[in-house]
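These are some notes for a colleague who is opening this structure for the first time.

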Amino acid sequence: MFYHFDSDFDECSNGSHDCHENATCVNTAGHFECICNPGFTGDGRICADCAINLRHFQQHQGLPTKGAHDAQHFSINGCLFLAFANYFDDVERWRTSSFIYKMNPSTDQFVLYQTIDIVGAFDVEYFNIGNKHYLAIASHNDGIIYRLDSRILQWNGNQFVPFQSIATNGAASFTFFKVMEESFLAVSNFYNDTSHFISSIVYKWNINKFEKYQEIQTEGALSGAAFEIHNETFFVFGNFVNAKHGHSVNSTVYKWSGGYFAKFQSLESFGAWHVEFFKSNGDTFLAFANHHNGTTYNLESFIYKWNGSMFALFQSIPTRGASALYPFFVCGQMFLTAVNFYDENVQRYSTTSDVYQFTGGHLIKYREIPTEAALAVTAFEFKNQFYAVIIRYYSQIDNKHTRNSKLFKWI
């Protein structure tokens with residue numbers, strides 16, 4: 001927590017601060033900060049022992065969004081930002097603006113910093129090359145067509161400005177990664193106005209722009225993830241639908257070989273909305289958020305584990321229109337948030353999302369988070385306090401898309 005005074009004196013030395021006994025007081029000009037010590041979590045005035053306290057998420061702030069589909073946090077020059085890909089507005093419809101918020105450290109609240117005019121924004125990806133900062137925003141469709149240009153923006157020292165346009169087909173996500181210090185950007189293409197069986201594209205950075213490097217056949221791809229296992233690079237596309245099997249379509253893992261990606265393994269998934277790679281206790285996992293199988297939203301999502309030569313099914317967890325499986329670590333403990341979009345049995349869009357904890361080598365349900373029509377989550381630590389943002393697409397109560405996404409604090 002951050003405090004401000006008109007004149008500067010050392011509150012930390014004279015004992016006039018109100019930091020918790022398990023926090024460190026840091027004096028600055030006209031200010032002091034309370035930061036929880038390692039092994040403790042909180043806002044500095046209250047610090048709880050990670051080892052003995054049962055933690056949960058508490059809503060901290062509502063952030064106005066417009067049919068948001070994704071968000072990503074990032075830092076530039078010590079400042080924390082949060083970018084939202086706004087997909088649909090009730091008035092502007094698909095031609096709405098996306099938002100960038102900036103954290104105000106004196107209030108621990110985000111404030112609107114920049115709006116960006118992007119049609120049908122579906123995903124946002126932050127990355128840096130050298131000392132320059134970029135955002136890639138995927139334009140999915142404009143309400144009529146899917147063959148749209150998506151855009152890469154560059155930070156000019158004050159805000160993000162247009163840098164490069166890339167032709168895409170129902171772009172659903174961007175994934176930035178590196179292979180042998182070379183920079184790449186993969187776009188998951190969903191639909192080209194005719195078919196879902198189309199190429200997703202890997203672009204390679206060449207001096208000062210991205211150039212097409214490899215085409216990979218995908219089936220209604222909605223997401224992608226790059227990862228390394230024993231210094232070998234892999235990429236996985238989460239496939240959502242194909243013409244023959246509908247949503248009962250496998251997703252595919254590719255392995256970097258001879259300078260290109262080659263098909264490595266096919267994994268069962270059902271309408272995979274999102275795929276995530278993570279490690280825990282030395283093990284490697286792939287998690288698929290199964291959104292719909294052609295019949296129901298209420299189905300199990302899959303977590304696969306690397307067995308030394310390939311991925312094998314590790315655990316299935318019940319989900320309701322799953323849109324993301326997001327791992328995070330707090331106080332040295334591993335958790336996984338299952339973001340649920342739609343429960344067709346009772347709650348419909350007002351369904352909760354679930355937090356699982358790795359316990360005894362398996363995922364055990366730990367907590368529920370109150371969400372509504374949630375499509376994604378991102379999490380981060382700021383001044384020794386852990387936060388999560390649940391991206392909200394829609395409000396069932398009034399049938400509106402222009403509603404708040406939610407910032408939660410882990411307490």
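1. A residue is called buried when its relative accessible area is under 20%, exposed when that area is over 50%, and partly exposed in between. The model is a predicted one, and by this cut-off Arg392, with a relative accessible area of 13%, is buried.

2. The partner of Arg392 is Glu372, and in the salt bridge between them the closest N and O atoms are 2.5 Å apart. Glu372 sits in the loop between strand E30 (362-369) and strand E31 (374-382), whereas Arg392 belongs to strand E32 (residues 385-392), so the bridge ties together parts that are 20 residues apart in sequence. Glu372 is also buried, with a relative accessible area of 10%.

3. A search of the whole structure gives eleven salt bridges, and another of these pairs Asp142 with Arg95, at 3.6 Å from N to O. This pair links distant parts of the chain, 47 residues apart, with Asp142 in the loop between strand E12 (132-139) and strand E13 (147-155) and Arg95 in the loop between strand E8 (79-86) and strand E9 (97-104). Asp142 counts as buried because its relative accessibility is 15%, while Arg95 is exposed, with a relative accessible area of 56%.

4. In a further salt bridge, between Asp398 and Arg403, the closest N and O atoms are 2.2 Å apart. Asp398 is partly exposed, with a relative accessible area of 29%, and Arg403, at 29% relative accessibility, counts as partly exposed. Elsewhere, salt bridges that share partners join Arg320, Asp354, Lys365 and Glu368 into one network.

5. Turning to the pockets, the largest pocket holds about 740 Å³ of space, and of the 32 residues that line it, the closest to its centre are Glu125, Gly224, His274, Val275 and Glu276. Several strands each supply at least two residues of this lining, among them strand E7 (68-76), strand E11 (121-129), strand E23 (272-280) and E31. The largest share of the lining, six residues, comes from E15. By residue type, the lining of the largest pocket divides into 18 nonpolar, ten polar and four charged residues.

6. The second largest pocket has a volume of about 270 Å³, and of its 15 lining residues the closest to the centre are His69, Tyr87, Phe122, His140 and Trp273.

Note on methods:
Residues numbered from 1 in each chain as written. Predicted model: local features only at pLDDT ≥ 70, side-chain atom pairs only at ≥ 80, totals over all residues. Heavy atoms only, no water. Salt bridge = Lys/Arg side-chain N within 4 Å of Asp/Glu carboxyl O. Helix = DSSP H or I, 4+ residues; strand = E, 2+ residues; numbered from the N terminus. Buried < 20%, exposed > 50% of the residue type's maximum accessible area, 1.4 Å probe, protein only. 1 Å grid on protein atoms, 1.4 Å probe; cavity = no way out; pocket = protein on both sides within 12 Å on 5 of 7 lines; lining within 4 Å. Points joined across faces, edges and corners; volume = space filled by probe spheres on them. Nonpolar A, V, L, I, M, F, W, Y, C, P; charged D, E, K, R; others polar.
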